[in-house]
Amino acid sequence: MSVSVLAVGTPYVVADRAEQLANTLYNAIVKRNSVFVPTIFAGAFAFSIGFDVGITKFWDTWNKGKQWKDIREKYVEA
């Protein structure tokens, strides 16, 4: 039984692609601190906004009908 190590889809080809991606990422973002630090801050800011929006949506869905914004018209005269 013979196995070809150069066939497309082998672990060697996948490793080469992963290495190319890692090198590109390193050269584009990590190599210079003046680019790396703002990238980290921008990523943290984006994650914070996304997390806040997601949790707020979950909270409003979970507590629908129990919050002041849902029952306000029953108690406030217009």
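Q: With a relative accessibility of 59%, does Tyr-75 count as buried or exposed?
A: The relative accessibility of Tyr-75 is 59%, to be read against these limits: buried means under 20% relative accessible area, exposed over 50%, and partly exposed in between, with a 1.4 Å probe and protein chains only. The model is predicted, so that local features need pLDDT of at least 70 and side-chain atom pairs count only at pLDDT 80 or more, whereas totals for chains, interfaces and linings use all residues. Residues are numbered from 1 along each chain as its sequence is written, and side-chain values use heavy atoms, with hydrogens and water left out. At its 59%, Tyr-75 therefore counts as exposed.

Q: How many helices does the chain have?
A: Helices (H or I, at least four residues) and strands (E, at least two) are DSSP runs, numbered from the N terminus. Read from that end, the elements of the chain run α-α-α. The chain has 0 strands, and its number of helices is 3.

Q: How many aromatic pairs does a search of the whole structure find?
A: Rings of Phe, Tyr and Trp (its six-membered ring) pair if their centres lie within 6.5 Å; planes under 30 degrees apart count as stacked, over 60 as edge-to-face and the rest as tilted. With that rule applied to the whole structure, the number of aromatic pairs found is 3.

Q: What kind of aromatic pair do Phe-58 and Trp-62 form?
A: Phe-58 and Trp-62 are 4 residues apart in helix α2 (residues 33-62), which means that about one helical turn separates them. Phe-58 is partly exposed at 47% relative accessibility, while Trp-62 is exposed at 61%. Their rings lie 5.6 Å apart, centre to centre, with 35 degrees between the planes, and the pair is tilted.

Q: Which element gives the most residues to the nonpolar patch?
A: Leu-25, Tyr-26, Val-30, Phe-36, Val-37, Ile-40 and Phe-41 form this patch on the surface, with about 640 Å² of accessible area together. The elements that give it two or more residues are α1 (11-30) and α2. Phe-36, one of the patch residues, lies in helix α2 and is partly exposed, with a relative accessible area of 31%. With 4 residues, the element that gives the most is α2.

Q: What percentage of the residues of the chain count as buried?
A: The accessible surface of the chain comes to about 7,300 Å², of which 67% belongs to carbon and sulfur atoms; such areas come from the Shrake-Rupley method with a 1.4 Å probe, and for residues only the protein chains shown count as cover. Of the 78 residues of the chain, the share that counts as buried is 5%.

Conventions
Patches are made of residues with over 30% relative accessible area and no salt bridge: like charges are joined within 9 Å, nonpolar side chains (Val, Leu, Ile, Met, Phe, Trp, Tyr) within 5 Å. A salt bridge is a side-chain nitrogen of Lys or Arg within 4 Å of a carboxyl oxygen of Asp or Glu.
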